[in-house]
Amino acid sequence: MKTKYLKQLFKTTALALVVSSSMQSFAAPTDEVVAIVDNSVILKSDLDQGVTEATHQLEAQKKGLPPQNFLQRQVLDQLILREAQLEMVKRYNIKIDENTLNDAVLKVAGQSGIKSLPAFQQKLDGIAPGTYAALRARISQDLAINRLRQQQVMSRIKISDQDVENFLKSPQGQAMLGSQVHVIHARISAQQGVDPQQLAKVAQDVKQALNESNDIAAIGKKFSTKDVKVEGADMGYRDLADLPSELAARVSPLQQGQTTELINVRDGIHVLKLIERKSSDQKAMVTQYQTRHILIQPSEVISPDMAKQTIDSIYNRLKSGEDFTTLAATYSSDTGSARDGGSLGWVTPGSMVPQFEEKMKNTPVGQISQPFQTQYGWHILEVTGVREKDMTQEYQERMARQILGERQFDSELDSWLREVRAHAYVQIKDPELDTKLQRAKAIAAQ
């Protein structure tokens, strides 16, 4: 059994992991450290839970179980890699805001038919006290790791202007330019507790059915069960520019009649089919906002409370008539824009974090926003102008970079994860387990 296959076993829902681990913790009042990873530890209960979960999934898939000691060592290696990434999350001070976390938890709640966080908390804590808090912590960690990976891996991907130009001249690039696409969209989701492999199997069946038929209503009816829901719609003709960039990047390389690969997101598995493509002369007109801002970012010398007090003081000074340019140059943590009086130039939607973009869109020209918080710290912004700009060429280039970036992401992610594991300080407390872990890694790499 290869390590790559075992990694798939850890893509279970956060809910299943946390509920089962919470219940286990009440049965195991004593614990011991099995490994130290940088400044964190892995407990025996963590390892036991991972092995239990992997065993459950293999049995559910009717696959033969590897030797217990081999499975244990593979699970431990994955836990070590996770802890190493969480240490980097702390080092880079990556924080998940409450709104983002609440949305993610609510999506998990929706899998079990619950539509509010209080009701979800009541259900989980009824299973075992503290389960809801553990779930939130787990999801917050998952979101932070994902954000870390995006930041670190995307910075390693280098796409030159020449790469973009060559792609746009290629048959695939030419097919993307100025295209309208007729697309069918299917989403496959499951109730809480459904084995992820079962969900993936249904999604694969739906993808196969879409390869043979365009009747999404019939496909949905055929494959939906009490545990798995298959929903879909014929989206008709859409300009590629009107689709979310990540979906447009998946659809643009398709030939007529082809489907995308399965797209795993928190609300289920998505798959799209290209029915037809035709040229479009419609331009990609985008509303841009001429914006300047002041950022106060917490740091080792500026506590979160001090950052809030500082931004409030600056806001009061602005309202009293002091010059925005001078205050930005003096106080803003964004040194790049501070040199230009806080100016960000003309900002295109989608280029800023959601909280910043929402505030920018809702602030009238010439008015100063109240202080607001993003993952980067506390901001005040002012919109000094609004315009409509033809972004057709920029959009095409951005799409090309998105497609080329997706081609490189998986290989760069694997390389980065190997580096993270190699650079982490790891001490296995059980010498026998340490020796066998190294041996298992060598076998898995063959």
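**Ring contacts and positive phi angles**

Lys308 lies over the face of Trp378, 5.1 Å from the ring centre. The criterion here is that NZ of Lys or CZ of Arg lies within 6 Å of the ring centre and within 35 degrees of the ring normal. The charged end of Arg387 likewise sits over a ring, that of Trp346, at 4.2 Å from its centre.

This is a predicted model, in which local features need pLDDT of at least 70, side-chain atom pairs count only at pLDDT 80 or more, and totals for chains, interfaces and linings use all residues. Residues are numbered from 1 along each chain as its sequence is written, and side-chain values use heavy atoms, with hydrogens and water left out.

I turn to aromatic pairs, meaning rings of Phe, Tyr and Trp (its six-membered ring) with centres within 6.5 Å; planes under 30 degrees apart are stacked, over 60 edge-to-face, and the rest tilted. The structure holds 2 such pairs. One of them joins Phe120 and Tyr132 edge-to-face, at 6.3 Å centre to centre and 85° between the planes. Phe120 belongs to helix α6 (residues 117–127) and Tyr132 to helix α7 (residues 131–154), 12 residues apart. Helices (H or I, at least four residues) and strands (E, at least two) are DSSP runs numbered from the N terminus. Phe120 counts as buried because its relative accessibility is 1%; Tyr132, at 8%, is buried as well. Buried means under 20% relative accessible area, exposed over 50%, and partly exposed in between (1.4 Å probe, protein chains only).

Finally, the backbone. Most residues other than glycine have a negative phi. Asp38, however, has a positive phi of about 55°, and lies in the loop between β1 (33–37) and β2 (40–43).
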